[in-house]
Amino acid sequence: MNSEKSKKVKSASSIIFKRELKSFFTSPTAYIVSGLFLLITGLVFFSSFYLYNRAELRQLFAFLPLILSFFVPALTMRLFAEERRSGSIETLMTLPVNETSVVTGKYLSSLVSTLIMVAPTLFYLLPVCVFGKPDFGPIFGGYLGAIFLCACFAAIGLFASSVTKNQIIAFFLAWVICIVLTMIDQFLIFLPGVLLSFFSFISANAHFNSIARGIIDTRDILYFVSLASFFFVMTVKAEQKAKA
């Protein structure tokens, strides 16, 4: 019985995942957001490349958490909010699916969508390899950290979209959470050492920077997995509450 139920959940999640991913490729908003993301990251990368004569990705990775904290919420804001506004979420929830399968399908589609948005930045490796002598350890770490950041910010964006019918509110709520997690250790540098250590521990930027240095620490991985899991569960709870 449990095995059959698990198969149904996976099947429903797969259908929702494919539907949402298809809508990503047919949505003009997704192309606009992705285009602006590549424009901003391109300016950051090439400003270092041309202005400072540095063939490296260090500056791009330094700004990436800040950039993603804006663009990932822009991609995820519609996932539940648009369906709530149009009323189609009620139709979806009357089908033989549960909240977990719906959230799983939408979360996976949002994660894949954000990774598709980030993927073209790999082309920046070409001038780095041609004109510089890159250390591939930090580069690998930077992109691994970017995957973890996308996973967390996608979960945050999904949660924000699940608690409102308004896409703009969903965007700003997700952006505020992401930017606080990104900047909190830099805003509070005046605090005593013990408190500063605590806020550094909950800072997504601090954990990303650790991985981006090429240091794979299980504490950093546990942080990102726990954060993404927390907001995933909160989204499921929000949908269960809305359905009740």
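**Basis and overall fold**

This is a predicted model, in which local features need pLDDT of at least 70 and side-chain atom pairs count only at pLDDT 80 or more, while totals for chains, interfaces and linings use all residues. Residues are numbered from 1 along each chain as its sequence is written, and side-chain values use heavy atoms, with hydrogens and water left out.

The protein holds 12 helices and zero strands, where helices (H or I, at least four residues) and strands (E, at least two) are DSSP runs numbered from the N terminus. Read along the sequence, the pattern is accordingly α-α-α-α-α-α-α-α-α-α-α-α. Of its 244 residues, 48% count as buried; buried stands for under 20% relative accessible area, exposed for over 50%, and partly exposed for values in between, with a 1.4 Å probe and protein chains only.

Helix α8, residues 136-162, has 27 residues and reaches 39 Å from its first C-alpha to its last, close to the 39 Å expected at 1.5 Å a residue; the expected span is 1.5 Å times one less than the number of residues. Most of α8 is covered, with 21 of its 27 residues buried. At its N-terminal end α8 is capped by D135, a side-chain oxygen of which lies 3.1 Å from the backbone nitrogen of G137. Such a polar contact is a pair of N or O atoms within 3.5 Å; within protein, one must be able to donate a hydrogen and the other to accept it, and residues adjacent in sequence count only if both atoms are side-chain atoms.

Helix α6 has 20 residues and reaches 29 Å between its first and last C-alpha, close to the 28 Å expected at 1.5 Å a residue. Because 14 of the 20 residues of α6 are buried, this helix is largely enclosed by the rest of the structure.

**Pockets**

On a 1 Å grid over the protein atoms alone, a pocket is an open set of points where a 1.4 Å probe fits, with protein on both sides within 12 Å along at least five of seven lines, and lining residues have an atom within 4 Å of a point. Grid points are joined across faces, edges and corners, and a volume is the space filled by probe spheres set on the points.

The largest pocket holds about 350 Å³ of space. It is lined by 16 residues, of which L57, R58, F61, P138 and A212 are the closest to its centre. Helices α3 (58-76), α8 and α11 (204-212) each supply at least two residues of this lining, and the largest share, three residues, comes from α3. By class, the lining of the largest pocket divides into nine nonpolar, two polar and five charged residues; Ala, Val, Leu, Ile, Met, Phe, Trp, Tyr, Cys and Pro count as nonpolar, Asp, Glu, Lys and Arg as charged, and the others, Gly among them, as polar.

The second largest pocket has a volume of about 180 Å³. Among the 15 residues that line it, F24, A30, L75, T76 and R78 are the closest to its centre. Two or more lining residues come from each of α1 (2-26), α2 (28-51), α3, α4 (78-86) and α6 (99-118). The lining of the second largest pocket has six nonpolar, seven polar and two charged residues.

**Charged and polar contacts**

Four salt bridges are found in a search of the whole structure, each being a side-chain nitrogen of Lys or Arg within 4 Å of a carboxyl oxygen of Asp or Glu.

| Pair | Closest N to O distance |
|---|---|
| R78 and E20 | 3.4 Å |

E20 is buried, at 4% relative accessible area, whereas R19 is partly exposed at 39% and R78 is partly exposed at 25%. R19, E20, R78 and K106 are linked in a network of salt bridges. In the remaining pair of the table, R219 counts as exposed at 57% relative accessibility, while D217 counts as buried at 19%.

S13, placed in helix α1, is buried with a relative accessible area of 7%. A polar atom of the S13 side chain lies 3.1 Å from the backbone oxygen of S101.
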